[in-house]
Amino acid sequence: MLTKISVGVIYLKHMSKRVKFLRILYVLPLLLVLVLAGCSFNKDTSEAGKSMKVIKLGAILPLSGDAGAYGEQVQNVIDYQLVKVNEKYKDKGIKFEVIYEDGKCTGNDAVNAFQKLTEIDGVKFIIGGFCSSETLAMIPLVKDGKVLLAGPGSSNPQIEKANDYVFSFAYSDNLTGEKLADEMSKYKKVAIISEQNDYNIGLENAWMESLKKYPDVKIVASEKYPKSGNDFRNVLEKVRAAQPDALLLNPNAGAPGQSLIKQLSEIKDWNNYKLFGQIAYMNKSTLALAPKTVEGMIIVDAPQISSEEFKSLKNSIESEKGTLGDLGDYFTASTADNLDVMSSLIVELGEDPIAVRKALVSRDFSGYISKSFNFKNSSFTNVDAAVYVIKNNQPELVK
């Protein structure tokens, strides 16, 4: 027979179960709301609650190392232009995001970056590499139309037609090498100092090949130094001993080029030669290291871009993001065009590298680098190199 106490205990247990049941009834809808809300957090609701399709692009740039200034400035151009691109396509419910990886201007780092972007992040389109060493190393990894690579700066001629899914918005080093050879053909004895990396060796090869048109010109010295080298005294003394009439400095951008020109300026009683250079000496801070030595130096680089539309773009980017002094006009324009062209084709054709590749090789495009350029015959745009002379520590266009 149940006592009053035992009945009370049973009643309390019953009420406890009932309370727990009621709590579950109240909690379940709340959990459901939170789950649904959590799902919505994974979507972009920045456009007044409208769900956006996010398309990821990869970017492999030299964000550190000797060429780090170039990579940082390319990133600034992309970040600025990305806002305009997303504004353009927001009504279509599409938003682009860029995942940056540091290629460090080396093949090994670029390969690691490529594998991370494709295998972990799942991107199908990559902006890069910027350095030729980055792009050349990634070419064997681009297979079966699963990924498309298009960079704003890689200019080594070996990249041209090396892979159906690898493109460059840069001009070819063949153009620079040929123009340098033409300018230096006025001298009987010429010499060159080159860094041992893909960009510089490609440019040297193009220069030497073009000099064959001038049998009266003799290459009296061709010296090389290791990638990222910083001691050039022995190399400079060897070249000095050859007594060239003209000397071409062919370093990579950044610290090597700066150290080379500074150490050259420290050699006394050696000024009976004409000095030539390339993009590494378009930067005013580099020129300022040896103002007397570089005065009158001839540089062959990409052409200036004079359109008002481009000037406005460059001024806006520099006002918001900082200087583009290392990148210069052409690579600023090629970076903006790279993003614009790729995003427009992806919006039109979907995330299909095969379809985008077919469009690239069959259409004409208009952008900042040119009002009309295409990839029908090669991976390089139809531009020519330009000649500059250093006056008062800055490049001045000659032709």
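In H2, Asn76, Val77, Asp79, Tyr80, Gln81 and Lys84 touch Leu313, Ser316, Ile317, Glu320 and Lys321 of H11, contact being heavy atoms within 4.5 Å. By class, this contact holds 4 nonpolar, 3 polar and 4 charged residues. Ala, Val, Leu, Ile, Met, Phe, Trp, Tyr, Cys and Pro count as nonpolar, Asp, Glu, Lys and Arg as charged, and the others, Gly among them, as polar.

The model is predicted: local features need pLDDT of at least 70, side-chain atom pairs pLDDT 80 or more, while totals for chains, interfaces and linings use all residues. Numbering runs from 1 along each chain as its sequence is written, and side-chain values use heavy atoms, without hydrogens and water.

Helices (H or I, at least four residues) and strands (E, at least two) are DSSP runs, numbered from the N terminus. Axes are lines fitted to C-alpha atoms, for helices over the stretch in contact, with angles from 0 to 180 degrees between N-to-C directions.

| Helix pair | Axis angle | Axis distance |
|---|---|---|
| H2 (68–89) and H11 (308–321) | about 110° | 10 Å |
| H12 (328–349) and H13 (353–360) | roughly 120° | within 10 Å |

H2 is therefore roughly perpendicular to H11, a term for 65 to 115 degrees. H12 and H13 are oblique to each other; oblique covers the angles left after roughly perpendicular, roughly parallel (under 35 degrees) and roughly antiparallel (over 145).

Val341, Met342, Leu345, Ile346 and Leu349 of H12 meet Ala355, Val356, Ala359 and Leu360 of H13. That contact has 9 nonpolar, no polar and no charged residues.
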